[in-house]
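Reader: I would like to learn how to read the features of a structure like this one. Could we go through them one by one?

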Amino acid sequence: VLNETLDNPSNLTLFGTSLSIYGNYAIVGARITNGAAYIYKRHGDNWVLNQTLENPGSGDFFGYSISINGHYAIISSWAINDGKAYIYKRKIQGNSDTWVLNETLISPSIITFGASVSIHGDYAIVGTDKSTGGKAYIYKKSGDDWIKINEVINTTSTLFFGWSVSIHGDYAIVGSSKTTGQAFIYKLRPS
């Protein structure tokens, strides 16, 4: 049963091209040149715009990929040469909450960083979708910092490895998206 329709709160195009939901929060991206992400909070049966997150950088399709889990959200700013992923943390003050920038993950010298993102618990994953040799980077929360702990490399001839990613618990999955496509499941090893 349809609960609610979230209409575009601004004049930005491509509202709804990326989205994620967790508990009482939903996040919707509008991935145009400067882009934005809109966080909604559920009140009873209604979803109310809680906060608009604007691109902390410039250009580069902020809101290209989005994921939300617990007190954290990750939003990518996909770019051909210099993508980024921004991790926001929910701060609770009395009866209100605000999402503040917690960490900026910088492209480790690879094009199309931020093509896909996912976050769960203490882990985040950022994919690339380079036509050959794509990668996915896994980060772990340490205090208030997010540290890169692993780099998943395309060891096959699969094209656009890192087109899609997801992480949950001890497992991560990385997809490719050309021809027949494939998905690769990885298990995190204890450090």
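This is a predicted model: local features need pLDDT of at least 70, side-chain atom pairs count only at pLDDT 80 or more; totals for chains, interfaces and linings use all residues.

Reader: Which aromatic pair does Tyr86 form, and with which residue?

Author: A pair of aromatic rings is described by the distance of the centres and the angle of the planes. The structure holds nine aromatic pairs. One of them joins Tyr86 to Phe62, with 5.8 Å from centre to centre and 65 degrees between the planes. That pair is edge-to-face.

Reader: Where in the chain do Phe62 and Tyr86 lie?

Author: Phe62 is in strand β5, residues 62-69, and Tyr86 is in strand β7, residues 84-93. The two are 24 residues apart, and the pair links distant parts of the chain.

Reader: Is Phe62 buried or exposed?

Author: Phe62 is buried, because its relative accessibility is 0%.

Reader: Why is the pair of Phe160 and Trp163 edge-to-face?

Author: An angle over 60 degrees between the planes counts as edge-to-face. The planes of Phe160 and Trp163 stand at 90 degrees, with the ring centres 5.8 Å apart, so this pair is edge-to-face. Phe160 has 18% relative accessibility and therefore counts as buried. Trp163, at 40%, counts as partly exposed.

Reader: Which residues do ring pairs link into a cluster?

Author: Phe61, Tyr64 and Trp78 are joined in this way. Tyr64 also has a charged neighbour: Arg31 lies over the face of its ring, 4.4 Å from the ring centre.

Reader: Let us turn to a loop. Where is Ser107 found?

Author: Ser107 is in the loop between β8 (96-106) and β9 (116-120).

Reader: Is Ser107 buried or exposed?

Author: Ser107 is buried, since its relative accessible area is 12%. To read its surroundings, leave aside the neighbours within four places in sequence. Ser107 is then in contact with Asp82, Gly83 and Phe113.

Reader: Now the strands. In what order do the four strands of the open sheet come?

Author: The order is β9-β10-β11-β12, and the pairing is antiparallel. The edge strands are β9 and β12, each of which pairs on one side only. From one strand to the next, the twist averages 20 degrees.

Reader: How many bridges do β10 and β11 pair over?

Author: Strand β10, residues 123-127, and strand β11, residues 135-142, pair over five bridges in the antiparallel sense. Ile125 stands opposite Ile138 in β11.

Reader: How many bridges join β11 to β12?

Author: Eight bridges join β11 to strand β12, residues 145-153, and these strands run antiparallel. Here Ala136 stands opposite Val152 in β12.

Reader: Which residue takes a positive phi in the hairpin of β11 and β12?

Author: That residue is Gly143, with a phi near 65 degrees. The hairpin has two residues between the strands.

Reader: The last topic is charge. How many salt bridges does the structure hold?

Author: The structure holds six salt bridges. One is formed by Lys89 and Asp144, whose closest N and O atoms are 3.6 Å apart. Lys89 is in strand β7 and Asp144 is in the loop between β11 and β12, so to read this pair one looks at distant parts of the chain, 55 residues apart. Asp144 has a relative accessible area of 45% and is therefore partly exposed.

Reader: Which side chain meets Lys141 in a salt bridge?

Author: The side chain of Asp122 does, at 3.6 Å from N to O. Asp122 is in the loop between β9 and β10, while Lys141 is in strand β11, 19 residues apart. Asp122 is partly exposed at 37% relative accessibility, and Lys141 is partly exposed at 23%.

Reader: Which residue forms a salt bridge with Glu151?

Author: Lys135 does, with the closest N and O atoms 3.1 Å apart. Lys135 is in strand β11 and Glu151 in strand β12, 16 residues apart. Glu151 is partly exposed, with a relative accessible area of 28%.

Definitions and conventions. Residues are numbered from 1 along each chain as its sequence is written. Side-chain values use heavy atoms; hydrogens and water are left out. Rings of Phe, Tyr and Trp (its six-membered ring) pair if their centres lie within 6.5 Å; planes under 30 degrees apart count as stacked, over 60 as edge-to-face and the rest as tilted. Buried means under 20% relative accessible area, exposed over 50%, partly exposed in between (1.4 Å probe, protein chains only). A charge sits over a ring if NZ of Lys or CZ of Arg is within 6 Å of the ring centre and within 35 degrees of the ring normal. Contact means heavy atoms within 4.5 Å. Two strands pair if DSSP finds at least two bridges between them. Axes are lines fitted to C-alpha atoms, for helices over the stretch in contact, and angles run from 0 to 180 degrees between N-to-C directions. A salt bridge is a side-chain nitrogen of Lys or Arg within 4 Å of a carboxyl oxygen of Asp or Glu.
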